[in-house]
Structure formats: structure tokens, C-alpha cells
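Let's take a walk through this structure together, one region at a time. Please keep the viewer open as you read.

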Amino acid sequence: MSEPKPRYGRIVLAPEDFLPTRGLSRRAFFDLLAAGGAAAVSAAVAGRAQADDANLPPHVPPWSKRLGAPVNAAYGQPSPYERNIIRREDPGLTPTREASVVFTPLQNLFGIITPSGLHFERDHGGRPDINPYEHRLMIHGLVRQPKIYTVEDILRFPSVSRIHFIECGANSAMEVRNVSVPTVQYTHGMLGCSEFTGVLLSTLLDDVGYDKKRARFILAEGADAASLTRTIPIEAALDDAMVVYGQNGEMLRPENGYPLRLLVPGFQGISNVKWLRRLKVGDQPFNTREETLHYSDLMPDGKTRQYTWIQEAKSVITSPSGGQQLLDRGYYQITGLAWSGRGKIRRVDVSTDGGRNWHPARLQDPILSKALTRFRFDWHWDGSPALLQSRCIDETGYVQPTVTQWRAVRGTRSIYHYNAIQTWKVDPDGKVSNVQVA
Ligand SMILES: Nc1nc2c(c(=O)[nH]1)N[C@H]1C(S)=C(S)[C@@H](COP(=O)(O)O)O[C@H]1N2
Ligand SMILES: [Mo]
């Protein structure tokens with residue numbers, strides 16, 4: 001049987017790619033999205049039509065007939081035609097811009113690496129501007145020899161480079177009660193994946209001679225105004241945790257912790273303390289203010305789960321996704337990302353009918369532990385309504401839960417660590433929107 005020849009479907013970016021969002025109330029933001037939706041889509045279609053025919057084959061465009069610009073030694077920037085591909089501020093969730101977040105535009109990215117300039121930023125007390133020569137890392141507590149390291153000291157230790165994701169424990173929290181945000185940038189964009197370079201924490205703990213008998217927990221502290229502090233267990237510290245200075249081949253960006261940050265692969269975002277200035281080795285959890293107030297899970301029985309460290313397996317379709325518009329029927333490549341804080345992704349299935357039928361997706365190499373994995377699935381859209389979902393399984397056999405399964409365990413009282421299956425609805429007119437399928 002011969003397949004119909006695929007016709008490559010066209011997708012228009014989400015309308016919000018054309019709209020400024022800052023300074024709007026949440027309500028106004030969604031009203032604007034609703035109002036701007038159709039107009040923005042037709043503007044985008046018109047934009048294509050406005051491309052000057054005189055610059056298209058068989059004509060020779062002006063830029064092929066004259067010398068181009070000279071080489072540029074300044075730090076490289078994306079094409080100006082990509083200027084809408086940016087991090088976006090939260091739609092009125094946080095009262096200040098210092099304790100706030102900007103989200104990664106997952107819908108516009110390829111592969112598994114998040115460009116540093118698009119990696120989400122989550123700060124609790126603003127972003128400090130740190131001169132690396134005025135920064136130190138102190139390691140003390142249950143150690144033979146407490147030490148204070150300069151950044152140059154850290155750079156002299158044997159280094160490793162590893163690709164890992166960082167996901168905020170509050171990622172997708174806006175999906176818990178009802179779906180309230182329109183695009184994958186907001187539903188899943190507190191997520192990034194980079195090649196990180198630094199020193200294994202175990203190397204530094206050996207250097208200070210940590211107390212092997214008594215050491216059970218480590219406190220990490222940042223040099224920002226939040227003095228953000230988090231406890232991590234010694235098992236993770238000795239396994240694959242790193243003190244990082246490099247991200248995607250260059251020094252960390254200020255927003256991601258320049259000049260030093262802790263990276264605890266697979267752990268919730270907040271464990272990856274930025275602007276790291278202190279590590280204290282102890283024999284019990286430190287129970288800091290941050291750890292009782294933020295990222296703790298109020299369970300259905302009324303008890304609070306205080307230390308949820310690991311981000312469980314999760315996946316999402318990034319294209320087509322909410323806010324986008326399918327312009328015609330035919331072939332579409334469904335693509336997205338899967339990840340697990342417990343190791344590698346083993347399998348991703350895709351459904352186009354809201355979870356009734358599942359089909360295996362192709363996984364793109366490399367499939368790395370505690371890193372994003374790209375998946376793809378070929379789809380022919382015949383113009384009928386569809387409900388697009390992805391579901392992943394990690395190497396421990398853990399299966400990403402449905403919304404109903406997640407609620408059965410977690411109840412409705414807390415919002416953190418939400419990893420349920422995401423649904424995008426495709427209407428017959430090609431509009432893609434965020435819906436919840438229990
Ligand atoms: N010192 C310090 N470290 C911090 C934070 C902070 O506000 N201060 N935010 C944490 C949170 S909640 C998350 S999700 C991650 C986000 O990392 P990113 O901003 O590099 O994406 O950093 C964590 N480390
Ligand atoms: Mo976070």
C-alpha cells in the first residue's frame with residue numbers, strides 16, 4: 001500500500017509572539033490574546049504575502065548583487081528576523097519583577113540544547129551583578145579543613161562537561177487546577193537543557209576532607225539578596241552534583257548563576273543554587289525558611305512533603321502546541337521533549353485522539369541521563385478535531401501519569417511537581433489550544 005505523498009503542513013506562530021505581555025493583568029493578557037488571535041494570524045499570513053516578489057527567483061535579490069556587511073567581532077546575535085523568539089515574563093503571576101520568572105520559548109526550539117540567551121530565569125531576590133574576582137566559595141561544616149576558594153581555584157580543578165536539564169519544581173503549576181495559560185512557553189517553559197562544565201562536588205568534598213562517617217546533608221547558599229539556601233542529600237552530592245562555571249561552551253550567564261552555581265542533575269530547579277558562595281556539610285537537613293515556604297507539597301492527608309527533590313518523568317509536545325494555527329491539512333511532524341530526573345527516557349508514545357490510541361514516537365540520539373530527549377511522530381491531519389498528547393516512560397519503568405492519576409496521589413491542595421500528560425486540542429479550523437483531558 002502506498003502512502004499518500006506528504007504535503008508539508010504550515011504552522012503559524014502563536015499570536016502572543018506578536019504581543020507584548022508585560023504590565024497587563026492576567027485577565028487583560030488573556031483577553032488580548034483572544035482578541036489578537038485571529039488578527040495576529042492573518043497579519044502573519046499577510047506578512048508572507050508581502051515578501052517582495054522582485055527578490056524571489058527567477059530574479060536576483062539585491063543582497064546577491066553587492067558586498068555584504070564586514071565581518072563582526074562583537075558577540076554574535078540572532079538574525080533580526082528572529083526577534084520574536086524570546087523569553088517571556090509571567091502573565092501577572094508575581095507581584096515584583098525581582099522575585100519572578102521568564103519562560104523558555106520551547107515552541108521555537110530544535111533538538112535538545114537550550115540556547116543560553118533563551119534559558120528560563122527564575123530569581124527570588126533579583127539577579128546580582130557579580131565581579132568574579134570579588135566572589136568566593138566557602139566549604140565548611142563537617143570537614144577536616146574548611147576552605148575558601150576563588151573562582152580561579154575552582155577553574156584549576158579537574159573538570160567534567162555534561163548535558164542536563166534544569167526544571168523548576170513549579171513548572172506547569174498553572175495546569176494543576178484548570179488550564180489557564182495558552183502556550184507551551186507558559187505551561188512548560190520553566191525548563192532548559194545545557195551542556196554544563198565544572199568540577200564534580202565530590203572532588204571538592206575530598207579536597208576539604210569531609211567527614212565520611214557523619215556527613216549526610218549539604219547546605220548550599222547563593223550570594224543573591226535572597227541568600228537562597230537549599231539542603232541536598234550527601235548521596236546526590238557524591239554522585240553527579242557539580243559546581244558549575246560553564247554553560248554551552250562559555251561562562252555561565254549572569255541570569256543563570258555567574259560565576260558559580262550548583263548543579264544537582266535531576267533535582268528540582270531550586271536545588272541548583274545560583275551565584276553559589278557557601279556549602280556547609282552537616283548531619284541533618286537544614287530546614288531553612290526557603291525549604292518550608294517554597295516547593296513543599298501539601299498532600300491530601302493534610303501533611304506537607306517538605307523535600308521533594310527529584311523531578312519525575314515528564315513529556316510535552318512542543319509543536320503543534322497551544323496558540324499555534326495549522327494553516328492546511330496534510331503532513332505535520334509532531335515533535336516534543338521528554339525527560340526524567342531518575343535517568344534516561346526509555347520510550348515516548350503519542351496519541352492524536354486524547355489517549356485512546358497510543359503510537360510509539362521516534363527518539364532522537366543522544367538519549368542522555370537526566371537530559372531532555374527529543375521525540376518525533378509523523379501525522380497526517382485530515383481536518384477533523386484532534387487531541388494531541390505525549391506520554392513517556394523512563395528507564396526505571398515509571399510511566400508519566402494522566403491528570404486523574406496525578407490528582408489521585410497529590411490531591412488538589414498543592415501545585416508543585418506537576419508532571420501529568422499535557423493535551424493540545426486541534427479544532428477543524430486548525431486552531432490549537434490548551435485543554436485538560438482527565
Ligand atoms: N541563589 C539563587 N539560586 C537559585 C534561585 C534563586 O533565586 N537564587 N532560583 C532557583 C530556582 S527556583 C530555579 S527554578 C533555578 C532556575 O535556574 P535558572 O534561572 O538558571 O533557569 O535556579 C534556582 N537557584
Ligand atoms: Mo524553581
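Of the 55 residues in the largest nonpolar core, which touch the most other members? They are Leu-137, Ile-154, Leu-201, Leu-204, Val-243, Leu-276 and Leu-279. Bear in mind that this is a predicted model. As a general point, nonpolar side chains tend to be buried together in soluble globular proteins.

Ala-386 belongs to strand S24, residues 386–394, and is buried, with a relative accessible area of 6%. Although Ala-386 and Lys-425 are 39 residues apart in sequence, their C-alpha atoms are 5.8 Å apart in space.

Now to a sheet. Four strands form an open sheet in the order S17-S19-S23-S22, with antiparallel pairing. Strand S17 (314–319) and strand S22 (362–363) each have a single partner strand, so these two stand at the edges and one side of each is left without a neighbour in the sheet. S22 is joined by two bridges to strand S23 (residues 373–381), and the two run antiparallel. Leu-363 has Phe-375 in S23 as its bridge partner.

Within its span, residues 403–410, Val-403, Trp-406 and Arg-410 are buried. Down the axis of H7, these buried residues fall within an arc of 65°, so they line one face of the helix. What do the buried residues of H7 pack against? Their partners are strand S15 (297–298) and strand S16 (304–305). Just after the helix, Gly-411 takes a positive phi of about 70°.

The backbone has some further features to check. Most residues other than glycine have a negative phi, and most peptide bonds are trans. His-417, in the loop between H7 and strand S25 (423–426), is not a glycine but has a positive phi of about 55°; His-417 is buried, with a relative accessible area of 10%. Trp-275 is another non-glycine residue with a positive phi, here about 50°. Trp-275 sits in the loop between S13 and strand S14 (276–282) and is buried, at a relative accessible area of 2%. As for peptide bonds, the one from Pro-57 to Pro-58 is cis, with omega near 10°, and Tyr-258 and Pro-259 are also joined by a cis bond, with omega about 5°.

Finally, turn to ligand 1. It is surrounded by 20 residues, of which Phe-120, His-124, Asp-224, Asn-256 and Lys-274 are the closest. An N or O atom in the side chain of Arg-261 is 2.8 Å from an oxygen atom of the ligand, while a polar side-chain atom of His-119 lies 3.2 Å from a ligand oxygen. The backbone takes part as well: an N or O atom there in Asn-272 lies 3.1 Å from a nitrogen atom of ligand 1.

Conventions: Residues numbered from 1 in each chain as written. Chains lettered and ligands numbered in written order. Predicted model: local features only at pLDDT ≥ 70, side-chain atom pairs only at ≥ 80, totals over all residues. Heavy atoms only, no water. Buried < 20%, exposed > 50% of the residue type's maximum accessible area, 1.4 Å probe, protein only. Arc of directions from axis to C-beta. Contact = heavy atoms within 4.5 Å. Core = buried A, V, L, I, M, F, W, Y, C linked by side-chain atoms within 4.5 Å. Pairing = 2+ DSSP bridges. Near = heavy atom within 4 Å. Polar contact = N/O pair within 3.5 Å; in protein donor to acceptor, adjacent residues only side chain to side chain.
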